[in-house]
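Subject: Structure handover

Hello,

The structure we spoke about is below, and my notes on it follow. Please read them with the model open.

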Amino acid sequence: MYAQMVTPEKNGNESLPELADFEARIDAGDTIEARDWMPDGYRKTLIRQISQHAHSEIVGQLPEANWITRAPTLRRKAILLAKVQDEAGHGLYLYGAAETLGVSRQELINDLLAGKAKYSSIFNYPTLNWADIGAIGWLVDGAAIMNQIPLCRCSYGPYARAMIRICKEESFHQRQGFEIMTVMAQGTSAQRSMAQDALNRWWWPSLMMFGPPDSQSPHTAQSVRWKIKLLTNDQIRQRFIDQTVPQADYLGLTIPDPALKWNQETGHYDFGEIDWTEFYNVIKGHGPCNNQRLRARRQAHADGAWVREAAMAYAQKRLSPSK
């Protein structure tokens with residue numbers, strides 16, 4: 001998922017009748033809207049999760065935008081450009097959803113630029129060749145869809161509605177990535193080797209996208225209780241593996257996990273131990289591209305200052321009485 005390390009806030013001293021009514025609505029499957037009463041912990045947890053998701057969409061443009069000018073054909077270039085534009089739109093939808101909770105977009109962006117806010121660890125890995133673009137679409141967007149489809153039914157209305165449109169577009173992203181991998185896996189030996197290498201490098205970081213194991217994520221239960229999340233990290237990760245392994249078999253590629261095997265009793269794939277030390281190092285800012293990603297976002301923000309200033313001046317002019 002794009003929001004990996006969200007710690008739910010504890011509730012303040014809300015009155016018991018209001019809290020009891022809120023929890024009854026959650027249990028009944030009601031949708032909570034922006035003007036409805038909600039506990040402070042619920043509101044703050046949503047702000048953290050939605051803003052981390054929004055930041056991930058924005059930063060997530062960078063690894064792929066790097067390949068727009070180097071795409072192998074005009075068709076691939078147009079598709080990748082459309083995809084990167086979609087990601088920008090997803091960020092805007094999500095910042096808008098976060099704003100309904102009483103936080104300003106500028107505050108969220110300032111936290112990202114200052115390095116205080118987190119985004120998904122997956123975007124701190126480099127895209128070394130064109131096969132990486134296929135792997136991102138197939139694995140990274142596939143993992144995102146696996147988590148985001150349940151969010152279309154989450155308890156907070158503005159977030160759930162934003163996710164419906166986002167998931168439709170992410171499905172296109174996943175399909176274009178799988179198509180790239182299919183073409184390369186059926187191509188020359190060099191192309192096939194590139195596809196396998198990309199899978200080798202992106203497989204384990206993709207599994208980390210769902211966040212730490214449930215045993216190391218004691219606050220997941222509260223998010224599930226509030227229906228901010230509908231499934232735990234481990235449940236979604238297992239679904240992703242079960243869906244993706246047959247796809248790799250179809251491509252004729254090998255999942256880089258010698259412990260991977262089908263378990264007839266559980267009806268799921270068993271898989272090897274994830275290197276959580278690597279995950280936490282990346283989360284703490286020590287990944288291959290952490291500094292590069294933040295530097296690029298800060299530069300883009302500075303370069304776009306004149307656009308924001310012009311837009312504000314135009315808005316002020318329209319509000320002023322005509323002379």
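A residue counts as buried when its relative accessible area is under 20%. Ala135 has a relative accessible area of 0%, so Ala135 is buried. Please keep in mind throughout that this is a predicted model.

Ala135 and its surroundings

Ala135 sits in helix H6, which covers residues 130–151. Setting aside neighbours within four places in sequence, Ala135 is in contact with Val140, Met181, Ala198 and Trp202. Gln186 is 51 residues from Ala135 along the chain, and the two C-alpha atoms are separated by 15 Å.

Helices H7 and H8

Helix H7 spans residues 157–185, and its axis comes within 7 Å of the axis of H8, with a crossing angle of roughly 135°. H7 is therefore oblique to H8. On the H7 side the contact is made by Met181, Met184 and Ala185, and on the H8 side by Gln191, Arg192, Met194 and Ala195. Sorted by class, these are five nonpolar residues, one polar and one charged. Met181, listed above as a contact of Ala135, is one of the H7 residues that meet H8.

Thr182 also belongs to helix H7. Its relative accessible area is 14%, so Thr182 counts as buried. Thr182 and Ala248 are 66 residues apart in sequence, with 9.7 Å between their C-alpha atoms.

Aromatic pairs

How many aromatic pairs are there? The count comes to twelve. One of them joins Phe22 and Trp37: the ring centres are 6.1 Å apart and the planes stand at 75°, so this pair is edge-to-face. Phe22 lies in helix H1 (residues 16–28), while Trp37 is in the loop between H1 and helix H2 (40–59), so the pair ties together parts that are 15 residues apart in sequence. The two partners can be described by accessibility as well: Phe22 is buried at 2% relative accessibility, and Trp37 is partly exposed at 31%.

Trp203 and Phe240 form a stacked aromatic pair, with 6.0 Å from centre to centre and 25° between the planes. This pair links distant parts of the chain, with Trp203 in helix H8 (residues 189–208) and Phe240 in helix H10 (residues 233–251), 37 residues apart. Trp203 and Phe240 are both buried.

Ring pairs also link Phe22, Trp37, Tyr42 and Trp226 into a cluster. Elsewhere, a charged side chain meets a ring: Arg70 lies over the face of Trp67, at 3.9 Å from the ring centre.

Polar and charged residues to look at

Which of these are buried and which are partly exposed? Gln52, in helix H2, has a relative accessible area of 6% and is buried. Gln52 and Lys118 are 66 residues apart along the chain, yet their C-alpha atoms are separated by 5.8 Å.

Arg293 is in helix H12, residues 290–303. Arg293 is buried too, at 5% relative accessibility. Leaving out residues up to four places away in sequence, Arg293 touches Val59, Leu62, Pro63, Tyr119, Phe123, Asn124, Tyr125 and Pro126. Met194, one of the H8 residues in the contact with H7, is 99 residues from Arg293 in sequence and 24 Å from it in space, C-alpha to C-alpha.

Lys227 is partly exposed, at 28% relative accessibility. Lys227 is located in the loop between helix H9 (220–225) and H10. The backbone deserves a look here, as Lys227 has a positive phi of about 60° although it is not a glycine.

Regards

Definitions and conventions:
Residues numbered from 1 in each chain as written. Predicted model: local features only at pLDDT ≥ 70, side-chain atom pairs only at ≥ 80, totals over all residues. Heavy atoms only, no water. Phe/Tyr/Trp six-rings, centres within 6.5 Å; stacked < 30°, edge-to-face > 60°. Helix = DSSP H or I, 4+ residues; strand = E, 2+ residues; numbered from the N terminus. Buried < 20%, exposed > 50% of the residue type's maximum accessible area, 1.4 Å probe, protein only. Lys NZ or Arg CZ within 6 Å of the ring centre and 35° of its normal. Axes fitted to C-alpha atoms, helices over the stretch in contact; angles between N-to-C directions. Parallel < 35°, antiparallel > 145°, perpendicular 65-115°, else oblique. Contact = heavy atoms within 4.5 Å. Nonpolar A, V, L, I, M, F, W, Y, C, P; charged D, E, K, R; others polar.
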